[in-house]
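Hi,

Here is the structure I promised to pass on. Could you open it alongside this note and follow the aromatic side chains with me?

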Amino acid sequence: MTGPASTIEGTTTARTSSSESAPLTFARRRLLLGITGVGASVALSAMWLLILLSGLVYIAPDWTPFGISLGLLDAPVRATVLVLCVFAVHAALLGGVEYIGGAVAVRDKPTRREWLVGWARGVAVQAAIIGGATFAAAFGASLLGWFGLVGAVAGVGTALLVLQGFVARAIAPLTLSPADASLAELATSSGLRAESIRVVDAADEAFVGGWVGIVKPQLWIPRVWTNETHRSLLGVQLARRRAQFTSGARRRGLWRAAAWPALGVALFAPLLPWAYTEGTLWLALPAVSTLWTFVAVLLLPSLSRPVVYSADAVAASRLGVDAVVKAVRQLDAWQDDEPERTAGVEFIFHPVPSRNNRERALHRRTRPTLGGGHQQTRLTLFASLSAGGLLGRVVHCNIGRPSLWAVYPGD
């Protein structure tokens, strides 16, 4: 069994850029799966949208799922049922790729039954979220039109970020416990409130926790980091997490993530040739939201990477470059295990810079920068559920891995 506790620090040190040409490394298998999942979702969304626009699929304006009128609730119920049908078809079509991503192209392989039970649980929770979000959006649209629709999507997106921890524990079996005396002392010395710390038992070695929630944010720490052998790594990460919070990068990431799906709906829903009460519009909305989320996947990593460099620089100024380099190497070994990437691959696919790029920045004494959003890309993928976006669980970092569907892996 290969897990975080059995990984030897420095195992990837000898690997260089020659790994770029090596076929099917762990990182490249994951990347190909992500390209397949995202590419298939985008292609299916585009084709589905064209089919709807061509009129090949028609939903009668007065159609009701249960054959009875529910008055004011007719439109919201109709919209919810239709969006969930689209969600279910997407899950069925992508299930095989997700299985490979969660049970084959991973280091610690679950049994088929274990994976299927975990995946079904996660998909059911996501279905409940998308169903509730659609009902709220359709109800808002039926009352206030465009303003009600956009307001509901923005409100649900914000609620998801407020309840991120609750959602994560509903999707996957994550066990939380408060910091013990030793961790509380280290957190306090790092400038963090000990009562905000939660130690998380997660099955996936790529789980890195981070700041969770808005009203009373908690800092989730994977239990493996609390092992005495990783004391230096833990100190580095606490310093980095404090920098992400105090710099405002976490706050910027949150409000931008909540705004992105609402912006997509605001821009494109009025362009669709159907009224907000028509079922066909709601069949189209998940496709539109998925395509808009794909734009986020292409653009927002450029706002995520600077925050990683900045947090590294702040931690290095306090603890030294060597300590941060050592922590970065271990964290990379638990995740992609890919020290070097081509500039194009990193620019398009990776909101977290490669290990070697981070080390080079540290040795150049790169100064902290302002303006980026912590976990900007991945928080946006999570919040996209508010508009029915379907990419959040098929990107390369978490495809087929429910433990990472709400609290994504990262730096």
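This is a predicted model: local features need pLDDT of at least 70, side-chain atom pairs count only at pLDDT 80 or more; totals for chains, interfaces and linings use all residues.

A charge sits over a ring if NZ of Lys or CZ of Arg is within 6 Å of the ring centre and within 35 degrees of the ring normal. The charged end of Arg-107 does this with Phe-26, at 4.0 Å from the ring's centre. Arg-393 likewise has its charged end over the ring of Trp-405, 5.5 Å from the centre.

Residues are numbered from 1 along each chain as its sequence is written, and side-chain values use heavy atoms, with hydrogens and water left out.

Now the ring pairs. Rings of Phe, Tyr and Trp (its six-membered ring) pair if their centres lie within 6.5 Å, and planes under 30 degrees apart count as stacked, over 60 as edge-to-face and the rest as tilted. The count by this rule is seven aromatic pairs. Trp-260 and Trp-292 are stacked, because their ring centres are 4.4 Å apart and their planes lie at 10 degrees. Trp-260 belongs to helix 8 (residues 249-268) and Trp-292 to helix 9 (residues 279-299), so the pair ties together parts 32 residues apart in sequence; helices are DSSP runs of H or I, at least four residues, numbered from the N terminus.

One aromatic cluster is formed by Tyr-99, Trp-115 and Trp-119.

Happy viewing!

How values were computed: Helices (H or I, at least four residues) and strands (E, at least two) are DSSP runs, numbered from the N terminus.
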